[in-house]
Amino acid sequence: MTVVRPERRKNPRSRTLLGGRAVFNERFSTMDCRVRDISVTGARLRFGGPPLVPRWFELHLVERGERRRVERVWTFGQDMGVAFVAEGA
């Protein structure tokens, strides 16, 4: 039997396979990742191993040429959920 979980997100997410890069430590450290799904308010990232990044970091969306400031919301295994931070916050 399949368990259907209620949707808790305010905005729907679209599935993607975008290349991403977590940038932190005053831009001296990076970790590559895949953006598995994305919305206007956040994204789910998948890393090649445990995501050893700080709570706040910059996410580079490589194919889109975008940079977004994000906050880690949750982690589970190699996956991480992040919320996009408004500019100036």
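**View 1. Val73 sits in strand 5, which spans residues 66-76.** Strands here are DSSP runs of E with at least two residues, numbered from the N terminus. This is a predicted model, where local features need pLDDT of at least 70, side-chain atom pairs count only at pLDDT 80 or more, and totals for chains, interfaces and linings use all residues. Residues are numbered from 1 along each chain as its sequence is written, and side-chain values use heavy atoms, leaving out hydrogens and water. Val73 counts as exposed because its relative accessibility is 54%, and exposed means over 50% relative accessible area, with buried under 20% and partly exposed in between (1.4 Å probe, protein chains only).

**View 2. Val73, Trp74 and Phe76 make a nonpolar surface patch of about 350 Å².** Such a patch joins nonpolar side chains (Val, Leu, Ile, Met, Phe, Trp, Tyr) within 5 Å, from residues with over 30% relative accessible area and no salt bridge (a side-chain nitrogen of Lys or Arg within 4 Å of a carboxyl oxygen of Asp or Glu). Areas come from the Shrake-Rupley method with a 1.4 Å probe, and for residues only the protein chains shown count as cover.

**View 3. Now look inside, at the largest nonpolar core, with its 17 residues.** A nonpolar core is a set of buried Ala, Val, Leu, Ile, Met, Phe, Trp, Tyr and Cys residues joined through side-chain atoms within 4.5 Å. Val35, Ala43, Leu45, Phe57, Leu59 and Val82 have the most contacts inside this core. Two or more residues come from each of strand 1 (14-24), strand 2 (29-38), strand 3 (42-47), strand 4 (56-61) and strand 6 (79-84).

**View 4. The protein has six strands and zero helices.** Of its 89 residues, 37% count as buried.

Notes
Patch = residues over 30% accessible without salt bridge, like charges linked within 9 Å, V, L, I, M, F, W, Y side chains within 5 Å. Helix = DSSP H or I, 4+ residues; strand = E, 2+ residues; numbered from the N terminus.
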